Each structure stands twice: as C-alpha cells, then as structure tokens.
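I opened this entry to look up pockets. My plan is to note the space, then the residues around it.

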Amino acid sequence: MSCFEIIHQNSPARTGVLKIHSGKIKTPFFMPVATKGAVKNILHKELTKMDFECVISNAFINYLKPGLEIIENAGGLHKFMSWDKAIFTDSGGFQLILDHFNPKVTNKGVYLTNPFDKSRELISPEKSIEIQNKLGSDVAMVLDHQPLFGKKRSDYLDSTIRTIEWAKRCKAAHKNKNQLLFGIAQGGNHADLRQKCALALTKIGFDGVALGGFGIGEAQSDMYRIIRAVKKVLPKNNPTYVMGIGSPLEILGAISNGADCFDSAYPTRMARHGKIFTSNGNLEISKAVNKKNLAPLDKECDCFVCKEYSRSYLHHLYKTYEQNAHILLSYHNIYFIQNLIKNIRTSIEEGEFTKFKKSFESKYK
Ligand SMILES: [Zn+2]
C-alpha cells in the first residue's frame, strides 16, 4: 500500500498526505534543515507554531557527533532533540563527496576521514541504514552516490549504476517497520539516466523515490526538465521529493511540475547573509537604503518580525553583528516559505494554482 495519497490535483501540481508511522504530513511540504538536530537560529516550538510538520536531519553528521550511543541513550533522535513531529534523515550522501572528509568512493561504500579523531572509516549502504534505524527517524534515505556538478556523462552513468546497487543493499538491510525508506534517483542532467535509475528503484520497491543532486549549480530549467522526465516513469502516487531546493521560485516551479516535498538550508543561510525573501522579490538588509526605512521587511507578511520591527532596526542589528539579526531574519525567511507553501496548497485545492503561480512570479521578479 502506498504511503502517499493524492487529495487534489491541479495538473500536474497536487496536494496530498504522506502517511508515516506516527501520523500524516500534508503535501506539498518544505522541511527546514536540522543537520545536527537544530534549525539554525530557530527554536523547534517556533517551527511548530508555523505549522511545520517535518524537519530533515543528517544521519552521517549525527553519527560523527554526538554519536549513536548518546542519541540512543536519550531514546532516539526525536526525544534527544525534543521534536515530536516528523523527521527525515538524509544518509549523508551529499556530505560524503565534500573534500574535507577526504572521501574515496568504492563499490563497498565511501571511505572517509572522521574530522574529529582523524580515523578512516567506511560508510557502506548497510552502515548508513543501521545508523538511520538507530536514530529512529520517520523516513530514512538510501545512501546514494552523487557526483559533483558538471562531470562527464560517463561519471553520471557510473554513479547511477552504483546508486542502484547501493539502493538494493539499503533495502535488504532495512528492518525498521516504523520507518519509511526512500530511494534517490541520480543521473545529473541526463534524463535517460535519471529515468533508468528511477525505474530500477521502483522495481526494488521503496516507499518513495526522491530526486537528488540538485541545488549545486544546475540551471532551473534543467531541474524542471528532469523532474518531468522522472515523473513520466514513476507511479503517479510516488511521493516526489526534490532534495536540496529552497528558493521561493524553485519551490513554486518544482510544484508546478508535480513535486511534493523539499528541503534546503537556503532560507536560513540567505537570512544570515542578509538576503530576505519578500513578496516583491529579495531584499538586502545591509543596503544603505534601509537605514532610515521604517517599513517592515514585507508589508504582506504577517510574521511577528514584520509586525513588530522596521527595516531600519533590522539593518542596524545586522550591521552591528547583533545575533538577534540572524534570529529575526531567519524567522521571517522560513515563515515566508511556509506561508508560500500554505498559499500554494490552497490554490491547488481551489483549482487556481496556475493563476496563483503567475501572480506570485510577476511580483517576485
Ligand atoms: Zn515577515
């Protein structure tokens, strides 16, 4: 039985519910990134108030620190971080390609250097699943092999084949009945490789097939083309998770191509760099034009930051390196994304998605 039920279709955009062991998550949804068990500068209770139903944490990073023993001692990741809503865990396939772990990918898995004690260890598909089983997340992701952006087709072909082989091993190693398991389709910008991977994953039998390897430099048009190509070969009720995207226009574009869920550190990272989402496009709070401007960040936003603080005050906090600037700006950006998602859901339910998209895009520029 599928864990995903489509409720409204405003073709190809749709709303639905993802059924996890402990309940349901309304789709489409965006997951704030809690890599180490916390979303940067935002408390869990604020996420709850904003109606976020899910965050994504990183299995590999939690495994390194604080380590499984500490998290198991607390009763699992939910209890450790005191978050009773849903948690996805990323296997860490993305981190494993970063140079500072000195990774070496072989068919066995990825050999890497633990940055804390400099020991060399192997993260295999089986190990990655064992870690996620112990963390007790609601949705685990397979270990995939993601090449860096802009590689040769032969590199993407190799990684596609390896990702399929690793996915089989992840599936065989997965024993936690309370946890869904998603496969990840790789293949870069090559639609045929992505389709080959997605078909193979469907055959292995996952609760969902995600698309990985985005948010690292590809053109938006390529991403939408790949989503459309993969959706052609996936079952209609596959919950389509597009990993690593978090800008307002990308989320809107991906949903218009039938995507259901997303995660990205982009909104909070942008906030820390003073780049603010508004209904009229991005605003740079550090610019001198904001120095004496008593208007809110976004007149159309009803978050507490926009209700209580002026651009002038936020500009001052930002320019003087006050920590509260990061807290307030991060809150607004993440609220903006959640509000966008809610408006998208409503527009799909009312059969007005195309109209909503056009109107949002024309203002956002
Ligand atoms: Zn706001």
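I began with the second largest pocket, which holds about 330 Å³ of space. The model is predicted. I counted 18 residues in the lining of this second largest pocket. Lys177, Gln179, Leu180, Leu181 and Asp207 are the closest to its centre.

I then sorted the lining of the second largest pocket by class. I got six nonpolar, seven polar and five charged residues.

I moved on to the largest pocket. I noted a volume of about 1000 Å³ for the largest pocket. I found that 44 residues line it, and that Val33, Phe94, Gln95, Ala265 and Arg269 are the closest to its centre.

I looked up the elements again. Strand 5 (54-58), helix 9 (248-256) and helix 10 (266-272) each supply at least two residues of the lining of the largest pocket. Which element gives the largest share of that lining? I wrote down helix 10, with four residues.

I sorted this lining by class too. The lining of the largest pocket has 18 nonpolar residues, 18 polar residues and eight charged residues.

Last, I checked the domains. Domain 1 (4-264) and domain 2 (273-364) each give at least three residues to the lining of the largest pocket.

Terms used. Residues are numbered from 1 along each chain as its sequence is written. This is a predicted model: local features need pLDDT of at least 70, side-chain atom pairs count only at pLDDT 80 or more; totals for chains, interfaces and linings use all residues. Side-chain values use heavy atoms; hydrogens and water are left out. On a 1 Å grid over the protein atoms alone, a cavity is a set of points where a 1.4 Å probe fits but cannot get out, and a pocket is an open set with protein on both sides within 12 Å along at least five of seven lines; lining residues have an atom within 4 Å of a point. Grid points are joined across faces, edges and corners, and a volume is the space filled by probe spheres set on the points. Ala, Val, Leu, Ile, Met, Phe, Trp, Tyr, Cys and Pro count as nonpolar, Asp, Glu, Lys and Arg as charged, and the others, Gly among them, as polar. Domain bounds come from an automatic or database domain assignment.
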